[in-house]
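My notes follow the structure.

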Amino acid sequence: MGQALTALKLDLAALEHELCRGDLCRTDGELKQRIATMSATIESVFQMSMKICTELRPAVLDHLGLVAAIEWATRDFEARTGIFCNLDLPEGNAPMESRRATAMFRIFQEILTNIIRHAAATEVSIRLACAEAALLLEVSDNGMGLGKNLSAAEAGLGVIGMRERALAVGGLVKFSETIGGGTTVVVQIPNR
Ligand SMILES: Nc1ncnc2c1ncn2[C@@H]1O[C@H](COP(=O)(O)OP(=O)(O)OP(=O)(O)O)[C@@H](O)[C@H]1O
Ligand SMILES: [Mg+2]
């Protein structure tokens, strides 16, 4: 959907360009206004589709559970980015409430997105532990680290979203420097 909408937006911009070259826009202000409205509509559909995608529960989580979903997302991340991932997962699927599993999975996705966007890392270590009392996720990258951005990491919308998701199920998210450089994110969610 995102690709189709982007193509539509580009085509519309090209169309506007052509029309204005032919002086049509100057003589027909209404036409120009319509194009602007169409462009705004495309943008809002784009935002809506992003929101829907984020809110949807990923099917893999429903069918296979959190452990398998984390494994799948990690392998997908590795294949897309070429960043090597060490993965340490518990055996089998510990029972957990779906709200908690979804929160953990969404937070994990945002952590990986941030690594792609900001870390310039070559290696990532992921550890998931599912004890009876709590789920614990630790993701360490060997990238540039938060440095003085540690406070910026408190302010970004992505991080605020992670904290809100964790908080909604009684959990928390912590950021720190990886020993030897890079960023470590720890997510703790009680499992009851
Ligand atoms: N793994 C990381 N390595 C280095 N810097 C990071 C990492 N994760 C987050 N950051 C820093 O923390 C900031 C806040 O992250 P956050 O996810 O809140 O915002 P964002 O990714 O910039 O934007 P968005 O709201 O779209 O997620 C980032 O801008 C970046 O500077
Ligand atoms: Mg982000």
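**Helix pair**

I looked up H4 (residues 59-81) and H5 (residues 98-119): they pack at an angle of about 5°, with axes 10 Å apart. I took axes as lines fitted to C-alpha atoms over the stretch in contact, with angles from 0 to 180 degrees between N-to-C directions. Helices here are DSSP runs (H or I, at least four residues), numbered from the N terminus. The angle therefore makes H4 roughly parallel to H5, a term for angles under 35 degrees.

I then listed the contact, meaning heavy atoms within 4.5 Å. Among the H4 residues are Leu66, Trp72, Phe77 and Arg80, and they meet H5 residues including Met104, Phe105, Phe108 and Ile116. By class, this contact has 14 nonpolar, 3 polar and 1 charged residues.

The model is predicted: local features need pLDDT of at least 70, side-chain atom pairs need 80 or more, and totals for chains, interfaces and linings use all residues. Residues are numbered from 1 along each chain as written, chains are lettered from A and ligands numbered from 1 in written order, and side-chain values use heavy atoms, without hydrogens and water.

**Ligand 1**

I found 17 residues around ligand 1, each with a heavy atom within 4 Å of the ligand. H5 gives the most to this shell, with 6 residues.

I checked polar contacts (pairs of N or O atoms within 3.5 Å). A polar side-chain atom of Asp141 lies 2.9 Å from a ligand nitrogen. A side-chain N or O atom of Thr183 is 3.4 Å from a nitrogen atom of ligand 1.

Methods. Helix = DSSP H or I, 4+ residues; strand = E, 2+ residues; numbered from the N terminus. Parallel < 35°, antiparallel > 145°, perpendicular 65-115°, else oblique. Nonpolar A, V, L, I, M, F, W, Y, C, P; charged D, E, K, R; others polar. Polar contact = N/O pair within 3.5 Å; in protein donor to acceptor, adjacent residues only side chain to side chain.
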